[in-house]
Amino acid sequence: MTTNGSPLDFSGLSQRDLEAELTTLAAHLNAGTCRWLELVGELDRRSGWSDAGLQSCADWIAWRCALAPRSAREHVRVARSLRELPLTHASFASGELSYAKVRALTRVATAANEQELLGLAHACTASQLERVVRAYRRVTVDEAREQQDAAHLSIFWNPDGSLEIHGRLAPEDGALVLHAIESARDSMWRGSAEPRTARQASTAEALVAIADAALAYQGEGRTGGERYQIVVHADHSALAHDGDGGCELEDGSALAAETARRLACDSSLVRGGRKSRTIPAALRRALRARDGGCRFPGCENRRFVDAHHVRHWARGGETTLGNLVLLCRRHHRLVHEGGYRVDREGRFFYPWGGEREAVPRVPRGRADDLLDDNRALSIDPDTCCRHR
């Protein structure tokens with residue numbers, strides 16, 4: 001909001017009050033979006049858009065509400081679905097569910113499974129719920145066959161000499177291609193002389209790198225290897241909890257003992273020439289299948305993740321699924337050098353002791369509160385201008 005055209009000054013708000021107002025307003029916006037979708041549903045039911053000479057309700061929404069056509073069609077789809085999902089509708093109307101979560105739910109929810117999915121929606125972030133919904137949906141054999149039959153790839157040269165590629169793949173083939181591209185981007189990022197400041201390789205660059213590697217491959221058997229290798233020399237006492245022994249990189253650069261313990265979480269250990277304690281490939285796959293990506297609350301990073309030992313192996317912690325959790329590099333540092341803690345239940349704790357909520361509860365909101373100011377104004381339907 002503005003006062004006389006000037007932005008409001010929020011500098012007097014404390015951090016707590018700022019966060020409270022943000023989350024409360026978000027809840028009101030959720031409730032307001034539900035009210036707006038209810039109106040969309042009613043317009044759709046009445047075919048009220050036909051009087052404007054348009055072909056669908058989505059066309060009217062895109063025209064009068066300034067939405068992109070694709071977004072307008074999705075909003076109409078959600079509005080129609082809400083009629084059949086009373087529990088989701090009620091939670092949305094109270095501001096407890098965001099539009100992003102409701103949109104995901106309406107793709108798979110039915111009267112039979114709505115209660116179960118609603119519980120998941122309250123326990124997951126919006127992006128996590130999207131992944132759950134994708135896994136929840138069942139694909140029939142006929143649909144799988146249609147996806148395979150619809151696969152295509154068109155390649156042509158543009159007049160400026162550039163190559164243009166368009167295509168569509170079945171889910172399993174698409175996942176394979178994406179995995180190869182991510183692996184190539186990972187390799188290019190690691191291969192940079194200054195990875196901390198290097199620009200992340202683009203998808204196009206990664207695709208070219210895959211082609212280059214395929215041409216260079218002469219048929220020899222590929223061997224597995226570690227993702228990267230950084231040699232750290234550390235005294236045994238440095239790897240123990242609160243130990244302060246010496247640690248250094250291969251070039252002699254000194255490291256903090258806690259940094260060495262973090263690096264040792266997801267690496268192999270060599271004692272007098274004998275390698276041990278590496279995480280087996282099968283266990284790593286199970287860990288990735290369970291966690292998906294970084295488990296730190298609010299983090300959506302699914303790449304550049306390490307397996308963190310909840311109880312460090314140097315202190316007797318086992319390399320088992322129950323004692324491991326995936327963390328991205330940034331949050332792995334926070335858990336070691338930053339003072340954050342994680343327990344075997346997957347709960348995270350601030351350095352000062354309080355638990356960090358995995359999915360903070362959204363405060364209840366009311367569309368009426370959001371619309372109070374609108375009701376104090378009259379709107380000219382022809383010009384959309386407001387008048388007191």
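How many bridges join strand S9 to strand S10, and in which direction do the two strands run? Five bridges join S9 to S10 (residues 324-328), and the strands run antiparallel; helices (H or I, at least four residues) and strands (E, at least two) are DSSP runs, numbered from the N terminus, and two strands pair if DSSP finds at least two bridges between them. The model is predicted, with pLDDT of at least 70 needed for local features and 80 or more for side-chain atom pairs, whereas totals for chains, interfaces and linings use all residues. Residues are numbered from 1 along each chain as its sequence is written, and side-chain values use heavy atoms, leaving out hydrogens and water.

Within this pairing, Asp306 stands opposite Leu327 in S10. Strand S9 (residues 305-309) is mostly covered, since five of its five residues are buried, where buried means under 20% relative accessible area, exposed over 50%, and partly exposed in between (1.4 Å probe, protein chains only). Val305, Ala307 and His309 point one way from S9, while Asp306 and His308 point the other way. His308 is also one of the residues touched by His336, along with Glu258, Arg261, Arg262, Cys265 and His312, not counting residues up to four places away in sequence; contact here means heavy atoms within 4.5 Å. His336 itself belongs to helix H14 (residues 329-336) and is buried, with a relative accessible area of 11%.

A contrasting case is strand S3 (residues 152-157), where the number of buried residues among its six is zero, so S3 lies largely in the open. Six bridges join S3 to strand S4 (residues 163-168), and these two run antiparallel, with Phe156 standing opposite Glu164 in S4. The hairpin of S3 and S4 has five residues between the strands, and Gly161 takes a positive phi near 95 degrees there.

In soluble globular proteins, nonpolar side chains tend to be buried together.

Not counting residues up to four places away in sequence, Ile61 touches Trp36, Val40, Leu43, Ala66, Leu67, Ala72 and Val76. Ala66, which follows H2, has a positive phi near 60 degrees.

The axes of helix H4 (residues 86-93) and H6 come within 9 Å and cross at roughly 30 degrees, which makes H4 roughly parallel to H6; angles under 35 degrees count as roughly parallel, over 145 as roughly antiparallel, 65 to 115 as roughly perpendicular and the rest as oblique. These axes are lines fitted to C-alpha atoms, for helices over the stretch in contact, with angles running from 0 to 180 degrees between N-to-C directions. Pro86, Leu87, Thr88 and Ser91 in H4 meet Glu114, Gln115, Leu118 and His122 in H6.
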